[in-house]
Amino acid sequence: PHAMPFPNSSDLSPSFILASIPGLEAAHFWMAIPLCSMYILAIAGNCMVLFIVKTEPSLHVPMYFFLCMLAAIDLALSTSTVPRVLSFYWFNTREISFGACLVQMFFIHTLSAIESTILLAMAVDRYVAICHPLRHAAILTNATTAKIGLAAIARGVLFFLPLPLLLLPLPFCSSRVLSHSFCLHQDVMNLACANTTPSVVYGLTAILLVMGLDALLICISYLLILKAVLRLASWKERLKTFNTCVSHVCVILTFYVPVLFTSLTHRFGHSIPQHIHILVAHLYMVVPPTLNPIIYGVRTKQLRDKIVVLFKRKGISPVSVCHKLC
């Protein structure tokens with residue numbers, strides 16, 4: 001009834017306890033195997049995208065530079081969480097220090113914000129390419145693309161650096177068990193034994209001004225794209241034009257659905273079972289990094305052709321690889 005505060009960041013060795021999925025503690029070893037497999041696929045797929053775009057001068061255009069940024073962010077985001085989760089599942093290392101938790105939290109939220117900004121930039125790229133094709137090369141130059149990437153990084157850092165700083169001076173209760181197997185701002189904040197109103201208000205504001213605003217602007221850009229597509233003369237032209245956006249739409253859905261679910265249900269979805277929270281958060285950390293290179297590799301002809309050429313140079317048949325995986 002009287003929660004005693006445990007040492008905060010100014011004391012020696014404060015720590016939190018990572019949570020497991022309720023009722024599935026005995027299956028941790030086996031659950032980690034598909035998680036590890038998806039992580040390996042994510043590393044291989046995103047590294048392949050980076051390598052192909054870097055080595056093929058014909059792909060040195062804004063669309064593929066944005067794709068490289070997305071691949072780099074996915075690599076960093078999954079690496080900031082998955083190895084720690086695997087260590088927990090395989091070696092039962094449940095304890096994480098306060099400092100390490102804040103650092104992990106910062107990277108998760110900042111990288112998510114940067115990825116959201118890049119997805120918005122890719123939506124604008126599709127809008128300009130379809131609605132103003134003659135001006136596309138002049139508007140989205142390689143220099144402009146680099147500036148957008150730097151702005152995305154600055155935006156993510158500036159908006160989400162205050163999150164761990166707001167938690168730094170707070171005392172925490174004797175209950176140190178998190179709701180996830182990695183550190184999220186709203187999860188750590190709920191364990192504080194002090195007024196967390198500033199953290200609640202700022203965290204929700206940052207989510208709405210970054211992910212919420214980006215999602216709204218992406219929807220507006222696709223409404224304008226749809227309006228332009230419907231003006232085309234034939235259904236064949238409409239389908240061909242909109243087909244260039246299918247990959248991006250799939251990537252948007254795999255990113256925004258779990259991230260908004262995880263962020264909002266922590267604040268408003270208290271009736272949702274804990275294992276649903278944990279499973280969706282796990283999916284957010286591994287599914288987009290794993291699927292993004294597959295989606296773009298399959299749906300984008302230029303990238304697909306370069307991947308086939310790369311496999312042939314190594315004496316590997318892509319068809320045989322697909323058969324083995326299936």
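Q: What makes F29, W30, I33, W90 and F91 a nonpolar patch on the surface?
A: This is a predicted model. In it, these five side chains are of nonpolar kinds, and a patch takes residues with over 30% relative accessible area and nonpolar side chains joined within 5 Å. F29, W30, I33, W90 and F91 meet that rule, so they form a patch. Together they have about 580 Å² of accessible area.

Q: Which helix supplies the largest share of the nonpolar patch?
A: Helix 1 does, with three residues. Helix 1 (28-55) and helix 3 (82-91) each supply at least two.

Q: Why is W30 called exposed?
A: W30 lies in helix 1. Its relative accessibility is 60%. Exposed means over 50%, so W30 counts as exposed.

Q: Why does R155 count as buried?
A: R155 sits in helix 6 (residues 142-160). Its relative accessibility is 18%. The cut-off for buried is under 20%, so R155 counts as buried.

Q: How do you know that the side chains of R155 and T117 are joined by a polar contact?
A: The contact is 2.8 Å.

Q: What makes L191 buried?
A: L191 is in the loop between helix 8 (185-189) and helix 9 (197-230). Its relative accessible area is 11%. Buried means under 20%, so L191 is buried. Not counting residues up to four places away in sequence, L191 touches several residues, including F16, F172 and C173.

Technical notes: Residues numbered from 1 in each chain as written. Predicted model: local features only at pLDDT ≥ 70, side-chain atom pairs only at ≥ 80, totals over all residues. Heavy atoms only, no water. Helix = DSSP H or I, 4+ residues; strand = E, 2+ residues; numbered from the N terminus. Buried < 20%, exposed > 50% of the residue type's maximum accessible area, 1.4 Å probe, protein only. Polar contact = N/O pair within 3.5 Å; in protein donor to acceptor, adjacent residues only side chain to side chain. Patch = residues over 30% accessible without salt bridge, like charges linked within 9 Å, V, L, I, M, F, W, Y side chains within 5 Å. Areas by Shrake-Rupley, 256 points an atom, 1.4 Å probe, with all protein chains shown as cover. Salt bridge = Lys/Arg side-chain N within 4 Å of Asp/Glu carboxyl O. Contact = heavy atoms within 4.5 Å.
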